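This briefing goes through one protein model, topic by topic. Keep the sequence and the 3D view open while reading.

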Amino acid sequence: MVLAGGTGNLGETLYRDLAELCEDIESTTKRLAIVDLISQFLKKLSIGEVAPSIRMIVGEAFPEWSGKTLDVSWRTVQKVIKGITKASDEEMLQAFSKRGDLGDMAKILMLRKDVSKQATLLQKPLTILEVYRSFQAISEAKGSGSKKKKENIVLSLLSRAEPLEAKYIVKNLIGEMRHGASSGLMEEAIAKASGAPLEMVKRTHMLMGDLGDVAEKAMRGGAQSLNDVKPIPFHPIKPMLVQAVDNVAEALREHGGETSLEYKLDGARLQIHIRKGEVKIFSRRLTEVTASLPDVVEQVKNNIQFSEAILEGEAVAIGKDFRPLTFQNLMKRFHRVKGIEEMVREIPVKLYLFDIIYLDGKLLIDLPYSERRKILSRVAGELELVPQVVTCSVDSAQEFFEEAKSKGHEGIIAKKMDSTYTPGRRGRKWLKIKETETLDLVIVGADWGYGRRVNWLSDYYLAARNEETGELQIIGKTFKGLTDEEFEEVTEKLLKLKTIEYGRTVRVKPEIVVETIFEEIQKSPKYESGYALRFARIKRIRDDKNLEDVDTIEKVKQLYEKQFKAKSKTL
Ligand code: ATP
């Protein structure tokens, strides 16, 4: 890429430079080359342009916890593109089908209609900050008339854009940047451009939760300004994740002969932030859910013995017999189908704490787990901790696993006694042992049903992520597992996400993540992925997960090989 170094308003960097960078990233598979391109680009920006640029390159215009979203529908974007390019429906479909991407469609149509020439002749070129300010204006459009307002902003942006710029504006608007700039690569680029050590950039990212903020801090003062980053209450931190193992013996071996076992509760993970008597709660995806959990807020408030803290726990819905209700029941709380008082009465929630990340000015993530747990029990007051045993014995570990299941829990989690808390990482310090293996897949299409299901999109195409190409690849199809109520709900959602429809099939923007069980994984030429699930069934809809959490083809391959090994042992 040749950086035009072009500037528009008052010396601002042109958006064209950013679009060209994204195009270069998309056409490169070499990791180092991408890191180099982004780092060169960062060095040319003014400080105020760093955070907006990083967010737009990654495709997340605003961090999830900020509560801001673009929320522009495909239909609106399509309508604007049609208006600008005067393309027929047939031409739109043809352009879309080339790569199945709305951004590419915009570029193709604008090039064909040559609207760009008129645009560039008549208008001043767009700058990075202008585009970002428009995104902010879109996120602030609320209430009645907001749809029209958003449409007008999109129209004024796209009518000034060149074809390549339009491609990336559209991709940002609809939240689909499918090029190879993963957050790992961005961290490397930020480290390279700022001179700060990569580990420090990663750690700051975990604590601040937004690459834009991290990059701005790093570019401003290098390692020194990253050194003093502390978590900020009400600014969520990426949660530490867990790896699966087959049995308790493996977990004990992995943890050096002794481990701490906790129930794996089947609820929703909560990150609870407390500052001077005020409480805010964030979900696993770091969205704020305080308003859905007034009873949990109350429980926490009644037990606070400190000024500032960040705690972690699991909220479980409790049935009449005091056994945990299913995850789906708990999710009703977050969807708030009824008034919150009624929901609190109908679906009581109990909080179980399992970790503490921050306490009165001190970051605790570098302390061993055993120490954190001690601190947690000291400050928790009457709040309950997740049941735990520390053991060296396979037999007692197995007993604890059976006990967890018999009480209606999912399984257990083994936590290494001396392990630090590593936000955002899925390492082997926390290991889960569950009864059956599942895959988190995303719905990329659906067929209309037959007979009783004729009005529902009820047969789903399920995809995993190919990490090398970033593509979502189908590995199975199922119409099993959902209740009538859920079919109705999912149909409604899928129709909003519809991109094209042909015959009985609807293609959708990938957004709905489902946890899927299956009998077997087979090698199959039927799908591009090379794998197919046999007897797949949806276990539950995972509203608490997003595209980043979708399992990879690599994991599918590993599971395939594992079952092959398991079979050969029985022969
Ligand atoms: P799964 O798909 O198996 O439910 P996940 O993909 O949501 O897991 P993992 O990181 O694999 O996430 O598993 C950890 C999850 O288990 C946490 O996000 C949390 O919600 C839940 N959990 C339940 N009990 C515990 C516990 N005692 N300690 C930590 N996490 C727990």
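How many residues does the largest nonpolar core have, and which of them have the most contacts inside it? The model is predicted, and in it this core has 102 residues. Y15, F135, L158, I169 and L173 are the ones with the most contacts inside the core.

**Nonpolar cores**

- L158, one of those residues, is in contact with V80, I81, I84, M110, A166, I169 and V170, leaving aside its neighbours within four places in sequence.
- Another core, of 34 residues, lies apart from the largest one. V300, M331, L351 and L385 are among its members.
- In soluble globular proteins, nonpolar side chains tend to be buried together.

**Domains**

- The protein chain is divided into domain 1 (9–174), domain 2 (183–227), domain 3 (241–434) and domain 4 (439–570).
- Taken over C-alpha atoms, the centres of domain 1 and domain 3 are 40 Å apart.

**The second largest pocket**

- This pocket has a volume of about 340 Å³.
- Its lining consists of 14 residues, and Q328, K332, E485, E486 and E489 are the ones that lie nearest the centre.
- Sorted by class, the lining has six charged, five polar and three nonpolar residues.
- Helices α16 (327–335) and α20 (484–496) each supply at least two residues of the lining. The largest share, five residues, comes from α16.
- At the level of domains, domain 3 (241–434) and domain 4 (439–570) each contribute at least three residues to the lining.

**Helix α12**

- Why is helix α12 described as largely enclosed by the rest of the structure? The reason is that eight of its 11 residues (the helix spans residues 198–208) are buried.
- The buried residues of α12 are M200, V201, K202, T204, H205, M206, L207 and M208.
- The cover over these buried residues includes α11 (183–194), α13 (211–227) and β7 (362–363).
- Just after α12 comes G209, which takes a positive phi of about 70 degrees.

**Residue K350**

- K350 is found in strand β6, which covers residues 349–359.
- Is K350 buried, partly exposed or exposed? Its relative accessible area is 26%, and buried would require under 20% while exposed would require over 50%, so K350 counts as partly exposed.
- Leaving aside its neighbours within four places in sequence, K350 is in contact with E314, A315, V316, I318 and E384.
- K350 and D36 are 314 residues apart along the chain, and their C-alpha atoms are separated by 49 Å.

Notes:
Residues are numbered from 1 along each chain as its sequence is written. This is a predicted model: local features need pLDDT of at least 70, side-chain atom pairs count only at pLDDT 80 or more; totals for chains, interfaces and linings use all residues. Side-chain values use heavy atoms; hydrogens and water are left out. A nonpolar core is a set of buried Ala, Val, Leu, Ile, Met, Phe, Trp, Tyr and Cys residues joined through side-chain atoms within 4.5 Å. Buried means under 20% relative accessible area, exposed over 50%, partly exposed in between (1.4 Å probe, protein chains only). Contact means heavy atoms within 4.5 Å. On a 1 Å grid over the protein atoms alone, a cavity is a set of points where a 1.4 Å probe fits but cannot get out, and a pocket is an open set with protein on both sides within 12 Å along at least five of seven lines; lining residues have an atom within 4 Å of a point. Grid points are joined across faces, edges and corners, and a volume is the space filled by probe spheres set on the points. Helices (H or I, at least four residues) and strands (E, at least two) are DSSP runs, numbered from the N terminus. Ala, Val, Leu, Ile, Met, Phe, Trp, Tyr, Cys and Pro count as nonpolar, Asp, Glu, Lys and Arg as charged, and the others, Gly among them, as polar. Domain bounds come from an automatic or database domain assignment.
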